Amino acid sequence: MSLRVGVCSTEHVHAATYVERLRDLDGVEFVGATDDGAGGEGSNAASVGGEGATGVDAAFRAPEALFEAADAVVVCSDNASHGRWVRAAAAAGVAVLCEKPLATDVGEAAALAAACEDAGVVAGVCMPMRFSPLALELKAAYESGDVGDLRFVTGTNRGRMPGGWFVDPERAGGGATTDHTVHVVDLVRWITGREVAEVYAEVDSRLHGIPVEDVSVLSMVLDDGTPFTLDGSWSRPDEWDTWGDVTLELLGTDGVARFDTTDATLKLTRDGGDDAGVASVAYGDDPDAGLLRDFVNAVEAERDPRTTMRDAVPEVAVIEAAYASAERGEPVAVADVTGGDE
Amino acid sequence: MRGARVGVVMVTIALVGSGRIAEEHALAYADVADADVVGVASTDDPGGFAERLGLDAAAFEDETAMLDALDPAVVDVCPPVDRRAASVERAVERGCDVFCEGPLARTLADAERVRDGVADAGVTFAVGNALRFAAPYVRARELVEAGEVGTPGVARATRVGPRPAGTRSGGDDDDAAAADGVLFERCVHDFDYLRWVLGDVARVHARRAAWGTGGEGGERVAATLRFVGGAVGHVEGSWERSSSRPLDASFEVAGDDGLVEYDGATAAFGRYAADGGDASTGTPTGASPRRRELDAFLGCVADGGTPRATADDGVAAVRVALAAAESVECGGPVRVAEVEA
């Protein structure tokens with residue numbers, strides 16, 4: 001029997017990809033997408049509506065109808081709407097995988113995790129990098145003791161400016177810091193088991209003339225004193241050869257291990273068409289497919305997905321601490337923004 | 001093949017130092033037609049140094065004795081950092097033109113005293129930073145100057161890799177004076193380069209980790225900069241024991257209209273021995289950056305031009321490094337203009 005999976009809102013740039021992957025997954029029936037339109041402009045309805053692969057009408061269903069028809073949903077709305085959709089799914093007893101960041105306020109993030117726990121539904125957050133073969137190799141190297149005692153962590157997650165609601169402070173909650181902090185922070189927490197203790201942030205809007213920051217350079221410390229810097233700027237031009245990068249380097253007493261996603265690409269040059277020019281095309285196991293497969297398996301087995309909503313809460317705290325640091329012009333302890341609620 | 005340029009007098013050069021950098025300078029001068037290294041002063045076997053490099057140069061344990069004996073036109077200063085200011089002063093007092101390897105000094109007071117002494121003496125003075133003559137760095141700056149990336153917004157410079165032989169340890173257990181190793185031996189060159197491209201730095205926040213002792217020690221620093229012009233920078237440097245990973249010197253400058261990236265880890269040239277011996281890779285670009293730099297300096301000596309990196313630049317780079325060191329200690333950002341040490 002297939003697991004019935006739907007998508008709540010199609011505002012996120014990943015929505016179309018997730019629908020495609022869901023349609024390809026064995027044992028999964030994509031039952032449709034819903035968008036009540038309350039989130040605002042930017043719906044990708046046109047890209048996911050229309051006939052479904054399995055004969056099910058995959059056109060938009062009203063929210064209530066989707067929750068009736070689904071065992072699990074993926075929330076692909078703007079950040080401000082995550083709360084509405086997650087609470088609605090929990091209330092309907094439907095498992096939920098939510099795009100990142102879970103929330104932009106740590107209290108809200110904790111409340112969403114609690115709502116799902118109380119409702120007894122499987123709840124996760126989209127952290128596809130935990131399924132990247134490169135990140136998995138880094139984790140294995142670290143766990144084998146290849147780097148020895150950890151001494152320094154250096155990461156980047158630089159990208160093109162996504163536009164749309166991502167640059168609307170009301171709908172996104174912030175710019176590059178909100179968008180590009182959690183992927184690498186999540187990896188570092190997962191691999192090392194350490195938490196971010198302090199953040200010093202240099203953020204600014206300098207590259208795209210937008211109302212949110214597009215430069216985001218964070219200098220952090222883990223709870224064991226290990227420095228950890230992260231450049232999450234939207235600094236890749238629109239004409240760059242791919243969407244962006246994820247790089248992570250772990251330096252320790254016995255060695256260093258690192259990966260760079262841009263090195264696992266083919267160089268494709270198109271001489272014509274809409275995408276004329278040089279592009280870098282990734283190869284290898286697709287992290288998005290891994291993410292969705294794990295979520296589906298988790299729902300079926302009634303176990304935690306690889307990144308639970310509860311896992312994601314401290315990562316929201318890092319975002320908050322970053323903004324607090326930028327505002328105050330000094331380092332901010334993450335404990336100061338969680339206020340012990342975490 | 002050596003031959004003096006027509007009408008140019010042979011420039012006599014006295015070298016202060018006998019370490020790795022002095023060796024690079026001596027070898028670079030050997031290729032310069034109108035330069036002659038006539039003396040080497042060092043407390044560490046100057047005679048052996050001269051002999052090893054085949055220099056027809058007199059060896060001195062004492063710099064003053066060398067300057068007295070040889071009365072050189074130019075003094076090339078490249079002892080350990082904390083001795084450079086004094087050597088520059090000795091040379092400048094005698095009216096010698098001076099090339100001083102960067103960083104200029106370990107303290108602001110020393111750096112400023114050098115700058116003031118140079119200004120008073122009216123000699124030709126250059127601070128060394130081979131990056132200002134390294135092809136990719138030069139070309140990237142040209143692109144930025146030409147507006148190819150628009151107004152810069154965020155820049156990154158990386159200099160990570162194995163410890164060079166003979167460096168003093170930056171490990172926890174060692175002399176605190178050597179604790180700024182990576183900042184003053186690696187990062188400072190990128191501070192100077194980024195200043196050259198993006199202008200003065202307003203504030204610095206830096207973090208540092210160091211471990212081990214002696215030659216087994218490792219150290220890494222990451223400095224987050226805010227430039228006066230508003231751009232943000234991330235400069236990272238390290239000394240690691242992982243000698244299997246070669247030096248990675250890379251940088252990028254992202255602006256509101258584009259991005260220029262240099263990946264120093266890729267090499268355009270490689271040579272590999274069939275017997276599995278050491279491989280040699282790199283990207284030759286014509287004359288070496290060191291050679292270009294010294295050539296340019298000697299050109300300024302000859303025609304009175306202003307070197308690419310002046311004493312003011314030397315002071316400014318030291319300020320940024322000191323601000324970073326202070327930030328490491330105090331944990332907060334440090335305004336570069338307020339550095340007092």
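The structure holds 8 aromatic pairs over all chains. Rings of Phe, Tyr and Trp (its six-membered ring) pair if their centres lie within 6.5 Å; planes under 30 degrees apart count as stacked, over 60 as edge-to-face and the rest as tilted. One of the pairs is Y137(B) with Y193(B), which is edge-to-face: 4.8 Å centre to centre, with 85° between the planes. Y137(B) lies in helix α6 (residues 135-145) of chain B and Y193(B) in helix α7 (residues 181-198) of chain B, so this pair ties together parts that are 56 residues apart in sequence. Helices (H or I, at least four residues) and strands (E, at least two) are DSSP runs, numbered from the N terminus.

This is a predicted model: local features need pLDDT of at least 70, side-chain atom pairs count only at pLDDT 80 or more, and totals for chains, interfaces and linings use all residues. Residues are numbered from 1 along each chain as its sequence is written, chains are lettered from A and ligands numbered from 1 in the order in which they are written, and side-chain values use heavy atoms, with hydrogens and water left out.

**Aromatic cluster**

Y137(B) counts as buried at 3% relative accessibility. Y193(B) counts as buried at 1%. Here buried means under 20% relative accessible area, exposed over 50%, and partly exposed in between (1.4 Å probe, protein chains only).

The rings of F251(B) and Y262(B) have centres 5.3 Å apart and planes at 40°, so that pair is tilted. It links distant parts of the chain: F251(B) is in strand β11 (residues 248-255) of chain B and Y262(B) in strand β12 (residues 258-262) of chain B, 11 residues apart. F251(B) is buried, at 4% relative accessibility. Y262(B) is partly exposed, with a relative accessible area of 27%. Ring pairs link Y137(B), Y193(B), W196(B), F251(B) and Y262(B) into a cluster.

**Charges over rings**

A charge sits over a ring if NZ of Lys or CZ of Arg is within 6 Å of the ring centre and within 35 degrees of the ring normal. In chain A, R236(A) lies over the face of W240(A), at 4.9 Å from the ring centre. In chain B, R106(B) lies over the face of F184(B), at 5.1 Å from the ring centre.

**Salt bridges**

A search of the whole structure finds 49 salt bridges over all chains. The criterion is a side-chain nitrogen of Lys or Arg within 4 Å of a carboxyl oxygen of Asp or Glu. The table gives some of them.

| Salt bridge | N to O distance |
|---|---|
| R290(B) with E24(B) | 2.9 Å |
| E89(B) with R113(B) | 2.8 Å |
| R319(B) with E112(B) | 3.5 Å |

R290(B) and E24(B) meet in a salt bridge. The pair links distant parts of the chain: R290(B) is in helix α8 (residues 289-303) of chain B and E24(B) in helix α1 (residues 20-30) of chain B, 266 residues apart. R290(B) counts as buried, at 11% relative accessibility. E24(B) counts as partly exposed, at 32%.

The side chains of E89(B) and R113(B) also meet. E89(B) lies in helix α4 (residues 81-93) of chain B and R113(B) in helix α5 (residues 108-121) of chain B, so the pair ties together parts that are 24 residues apart in sequence. E89(B) is partly exposed at 22% relative accessibility. R113(B) is partly exposed at 39%.

R319(B) forms a salt bridge with E112(B). R319(B) is in helix α9 (residues 311-330) of chain B and E112(B) in helix α5 of chain B, 207 residues apart. R319(B) is buried, with a relative accessible area of 18%. E112(B) counts as partly exposed, at 24%. Elsewhere, salt bridges that share partners join E249(A), R156(B), R220(B), E236(B), E240(B) and R245(B) into one network.

**Cysteines**

The search finds 0 disulfides over all chains. A disulfide is a pair of cysteine sulfur atoms within 2.5 Å. The sulfur of C8(A) is 8.2 Å from the closest cysteine sulfur, in C76(A), too far for a bond. For C126(A) the closest cysteine sulfur is also in C76(A), at 6.4 Å, again too far for a bond. C8(A) is buried, with a relative accessible area of 0%. C126(A) is buried, with a relative accessible area of 0%.

**Confidence**

pLDDT is the predictor's confidence in each residue, from 0 to 100. The mean pLDDT of chain A is 92, and 92% of its residues reach 70 or more. Over residues 49-58 of chain A the pLDDT is below 50. Beyond near neighbours in sequence, this stretch has 23 contacts in the model, a contact being heavy atoms within 4.5 Å. Where pLDDT is low, the predicted coordinates should not be read in detail.
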